[in-house]
Amino acid sequence: MTSVSIRDLTLKFGSLEVLKSLNLDIDEGEFLVLLGPSGCGKSTLLNCIAGLLDISDGQIFIGGNNVTWAEPSERGIGMVFQSYALYPQMSVEGNLAFGLKNARMPKDEIAKRIARAAEVLQIEPLLQRKPAQLSGGQRQRVAIGRALVRDVDVFLFDEPLSNLDAKLRAELRVEIKRLHHRLKNTMIYVTHDQIEALTLADRIAIMRNGIIQQLDSPHEIYNRPVNLYVAGFMGSPGMNFIEGEISGAGESSFNFASTQIPLSRYPFVRDDRPDKAIFGIRPEHVSCGPAASDEPFSADVEIEVVEPMGADTLVWAVLDGKEFRFRVDGQSPLHAGQTVRIGFDPAKASIFDAARELRL
Amino acid sequence: MTTTSTPAATQRPIRLFRNKAAKIAAIPMILTALVVFMGGTIWTVVFSFTKSKLLPKANFIGLDQYERLWSSSKWLIAIENLVIFGLCSLVFSLVIGFVLAALLDQKIRFENTFRTIMLYPFALSFIVTGLVWQWILNPDFGIQNVVRSLGWESFSFDPLNNQEIVIYGILIAGLWQGTGLVMCLMLAGLRGIDEDIWKAARVDGIPAWKTYIFIVIPMMRPVFVTTLVIIASGIVRLYDLVVAQTSGGPGIASEVPAKYVYDAMFLSQNLGQGFAGSTMMLLAVLIVLIPWAYMEFGGRQRD
Amino acid sequence: MTDVTTLDAPAGTRTAASPGLVDGPRGAKPKRAISPRNIMIYGTLLLVSVYYLLPLYVMIVTSLKGMPEIRLGNIFAPPVEVTFEPWVKAWATACTGLNCEGLSRGFWNSVRITVPSVVLSIAIASVNGYALANWRFKGADVFFTILIFGAFIPYQVMLYPIVILLRELGIYGTLWGLILVHTIFGMPILTLLFRNYFTSVPEELFKAARVDGAGFWGIYFKIMLPMSLPIFVVAMIIQITGVWNDFLFGVVYTKPDVYPMTVQLNNIVNSVQGVKEYNVNMAATIITGLVPLIVYFVSGKLFVRGIAAGAVKG
């Protein structure tokens with residue numbers, strides 16, 4: 001059953017098209033993450049779903065109802081904001097109750113819902129405090145609670161963890177995931193943080209310039225990006241890209257400078273073979289040392305810089321004249337100036353048409 | 001999939017009634033802007049071309065009122081006074097205001113006390129200011145008398161009774177009331193300057209006065225421009241102070257345009273002259289205002 | 001105090017711990033309270049303060065002297081014999097040329113003008129500013145721009161059209177006419193003040209309230225109003241001092257029996273009849289200035305915040 005449906009949604013500010021004829025179906029109970037750099041339209045899309053922005057064209061359905069022109073409060077959504085947006089002069093309880101009071105709900109029902117939300121989020125001791133007396137993590141919990149008490153089917157999160165420090169962010173991330181397992185609501189979550197996207201999402205929609213580039217499971221998006229943009233956006237450090245040519249029809253190979261990478265194991269998705277192509281391989285898919293020679297492709301590289309990051313180490317090297325990064329274990333004794341053998345399985349690579357930037 | 005087949009259930013709200021409460025709430029503003037400010041201004045400009053005397057009458061006589069205005073010695077004196085007063089108070093209040101702000105910005109003790117002292121005149125009515133300075137500048141009892149009684153018998157300082165310098169007597173009172181405001185605006189501007197600028201200047205060994213003149217003041221350009229506009233629009237309105245301090249005297253030596261307009265409209269039943277005079281005042285303000293508004297808002301259409 | 005340090009200390013006393021390092025300044029840098037720089041700064045500020053305080057001082061001492069003492073002594077001398085009679089006379093029996101009721105009538109007129117003007121203009125301007133900041137509709141910016149331009153237009157241009165307007169409304173010459181005029185002319189600056197303030201309130205708060213089902217008035221009264229009390233105080237300061245100190249509108253739009261205090265004061269002091277009683281004049285002047293001065297001294301920092309915005313009023 002579809003929970004949220006977006007049909008041909010277009011949004012213009014004057015002559016500027018922010019969202020371009022966008023279509024999206026979100027299943028009931030699904031956790032969908034809208035991911036992209038700032039200005040890609042992901043928050044705008046969320047605001048349109050919430051009814052906080054008037055759309056220029058298209059339709060929005062929530063729970064089977066056409067809510068295209070409905071007020072935000074009538075859409076059956078709850079929303080959590082980046083800056084928490086707690087009403088500063090109201091207590092936590094007042095914040096939770098505000099929406100319910102506006103809906104003229106009976107007092108005992110309000111109390112029941114607040115009690116339940118407070119229990120779920122473990123904020124019972126905070127109910128009488130003002131937002132200013134809470135820590136960032138507690139504030140965001142209250143903000144989630146405000147969506148929770150509304151007892152709605154769809155939760156909208158607008159970068160809810162971006163204002164928190166790294167440690168709290170990781171904690172609350174797990175908590176949101178737990179909450180989703182428990183409540184089984186539809187959740188639409190906007191973020192620019194790919195770790196959040198990968199850890200939380202059932203499906204990720206990667207956006208750029210108001211267009212969804214790829215809508216797929218985190219695993220697919222990470223391993224089989226449909227275009228060069230998605231491939232470069234996902235992963236940190238980013239994928240290695242090498243420009244070159246594909247030769248041969250059957251037992252083909254990817255050639256650049258004097259290196260040939262065999263592509264017999266690569267699962268092509270398209271039949272056309274353009275002249276220029278871009279070969280991408282993630283740093284973490286590269287092996288180094290004795291194991292490297294066992295891979296379908298291996299070569300010697302010269303190490304330029306070594307960046308130890310604790311658990312692992314990022315190595316910047318040169319592969320046949322091209323910059324090439326790979327990741328090794330944090331205990332690895334590699335150092336700059338050394339020459340080492342690296343290898344990888346081209347089956348894990350992504351190859352793109354250089355002109356159209358689409359996956360081959 | 002049931003959702004896509006559902007046609008639009010609700011009626012699209014009519015444009016005019018969307019955001020209804022906001023539009024209703026804005027009605028007083030819209031009425032004020034359109035009826036009073038725009039309507040009133042246009043009405044006055046239009047009727048400045050008529051022969052209106054005691055009552056506004058729409059019998060147009062071209063530029064007659066303006067010709068009479070510019071041949072009236074009272075108006076010419078008023079303009080001359082306004083130019084002297086305006087230039088002097090612009091220069092003095094900017095210089096004094098900035099110097100005082102810079103002094104207060106030296107991380108001194110009692111900063112609040114000093115600021116309170118310099119700003120309190122601004123809280124007062126021009127009438128109060130005018131009357132106090134009328135008393136202090138009174139030749140028989142005020143400063144002139146005090147200095148003479150100290151033994152300097154020939155000392156003479158009676159600006160309010162001297163046609164030649166009466167406008168400077170008003171200027172003294174005007175500066176007393178207004179420099180505190182300029183100081184405050186300048187101080188806010190100084191505080192808005194990045195601390196690191198001062199650190200960088202110190203590391204580079206640039207003396208403080210050079211930092212002020214070559215770095216800080218150019219950085220404060222927007223503050224200066226805004227202050228200038230505020231002072232200038234205040235100057236054009238100069239009225240209460242003159243009424244309280246000199247009533248335009250001695251003779252007509254301290255007349256100002258705003259007083260000329262008031263007198264024409266409400267005392268000498270010569271509405272046409274009043275309209276013509278106020279239109280000239282409007283023109284003067286627009287000459288300052290339009291370039292400023294263009295500079296301030298013309299560059300960026302949307303905010 | 002000395003700024004001579006151990007530069008000249010004999011070599012033998014150098015600490016052994018840092019061989020090779022010449023022993024130089026160590027510890028806190030000596031500071032002198034009385035430096036030429038400080039003398040200049042504080043001297044200038046003190047001198048300027050005297051200039052600013054002098055009129056206030058002269059007003060007070062003059063108002064406490066009897067007329068004979070004023071004629072003989074100088075205006076800066078403190079009163080030999082303190083008398084409060086000028087104050088009583090200024091308040092109750094001073095003559096304006098029309099009547100001899102003192103300032104009291106003008107004072108109460110000003111109160112009756114100021115209170116409704118302040119309440120009305122702030123109520124209207126705050127809702128206006130809120131609508132402009134959070135509920136922008138097409139054309140709103142155009143009206144707002146005209147309104148702000150209006151703040152700079154010389155009042156003289158609009159004086160007479162408003163006379164006609166008030167006459168049409170039947171309130172020319174009454175207190176309510178003047179109250180309406182103050183509300184109109186307070187609108188540009190106050191609307192600007194509130195608009196800027198409400199714009200600075202995080203937009204997400206507004207969005208959250210909309211998701212919570214609050215409408216235009218719900219958000220205004222329950223969210224915006226409670227969190228913007230300081231700006232309401234600033235607006236009150238601007239408007240109280242502005243309305244109280246007004247002279248021009250009082251003269252133009254009211255009749256003598258409802259003249260505000262400033263007009264009454266000017267008529268008392270500058271009336272041509274009778275012997276000039278400078279002590280009564282100064283007492284009357286202080287009394288008139290008292291309300292804004294009290295507002296000023298009580299409000300402190302908020303006043304400073306207000307004038308940056310209120311300055312537009314000139």
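Read along the sequence, chain C follows the pattern α-α-α-α-α-α-α-α-α-α-α-α-α-α, and its secondary structure comes to 14 helices and 0 strands. Helices (H or I, at least four residues) and strands (E, at least two) are DSSP runs, numbered from the N terminus. This is a predicted model, in which local features need pLDDT of at least 70 and side-chain atom pairs count only at pLDDT 80 or more, while totals for chains, interfaces and linings use all residues. Residues are numbered from 1 along each chain as its sequence is written, and chains are lettered from A and ligands numbered from 1 in the order in which they are written.

**Dimensions and packing of chain C**

- Chain C has a radius of gyration of 29 Å, whereas a compact globule of 314 residues would have one near 20 Å; the radius is taken over C-alpha atoms, and the globule rule is 2.2 Å times the number of residues to the power 0.38.
- Along the principal axes, the C-alpha atoms of chain C fill a box of roughly 100 × 75 × 30 Å.
- Of the 314 residues in chain C, 46% are buried, a class that requires 20 or more other C-beta atoms within 10 Å of the residue's own, with C-beta atoms placed from the backbone.
- Among contacts in chain C with a separation of 6 or more, 73% join residues 24 or more positions apart; two residues are in contact if their C-beta atoms, placed from the backbone, lie within 7 Å.

**Interface between chains C and B**

- The interface brings 69 residues of chain C into contact with 71 residues of chain B.
- Helix α1 (residues 36–63) of chain C supplies 11 residues, the largest share of the side of chain C that touches chain B.
- This side of chain C has 50 nonpolar, 19 polar and no charged residues (Ala, Val, Leu, Ile, Met, Phe, Trp, Tyr, Cys and Pro count as nonpolar, Asp, Glu, Lys and Arg as charged, and the others, Gly among them, as polar).

**Largest nonpolar core**

- The largest nonpolar core holds 269 residues, of which L156(A), I188(A) and A284(C) touch the most other members; such a core is a set of buried Ala, Val, Leu, Ile, Met, Phe, Trp, Tyr and Cys residues joined through C-beta atoms within 7 Å.
- Helix α7 (residues 175–200) of chain C contributes 14 residues, the largest share of this core.
- Beyond its neighbours within four places in sequence, A284(C) is in contact with A90(C), A94(C), L103(C), L265(C), I268(C) and V269(C).

**Domains of chain A**

- Chain A is divided into domain 1 (2–225) and domain 2 (233–353), with bounds from an automatic or database domain assignment.
- The contact takes 6 residues from domain 1 of chain A and 4 residues from domain 2 of chain A.
- The centres of domain 1 and domain 2 of chain A, taken over C-alpha atoms, are separated by 39 Å.

**Sheet of chain A**

- In chain A, an open sheet of 5 strands has the order β15-β19-β16-β17-β18, with antiparallel pairing; two strands pair if DSSP finds at least two bridges between them.
- The edge strands of chain A, β15 (287–288) and β18 (322–329), each pair on one side only.
- Strand β16 (residues 297–308) of chain A pairs with strand β19 (residues 339–344) of chain A in the antiparallel sense over 6 bridges, and D300(A) has R341(A) as its bridge partner in β19(A).
- β16(A) also pairs with strand β17 (residues 312–319) of chain A in the antiparallel sense over 6 bridges; in β17(A), W316(A) is the bridge partner of V305(A), and L314(A) stands opposite E307(A).
- β16(A) and β17(A) form a hairpin with 3 residues between them, and G310(A) in the turn has a positive phi of about 95 degrees.

Conventions: Buried ≥ 20, exposed ≤ 12 C-beta atoms within 10 Å, placed from the backbone.
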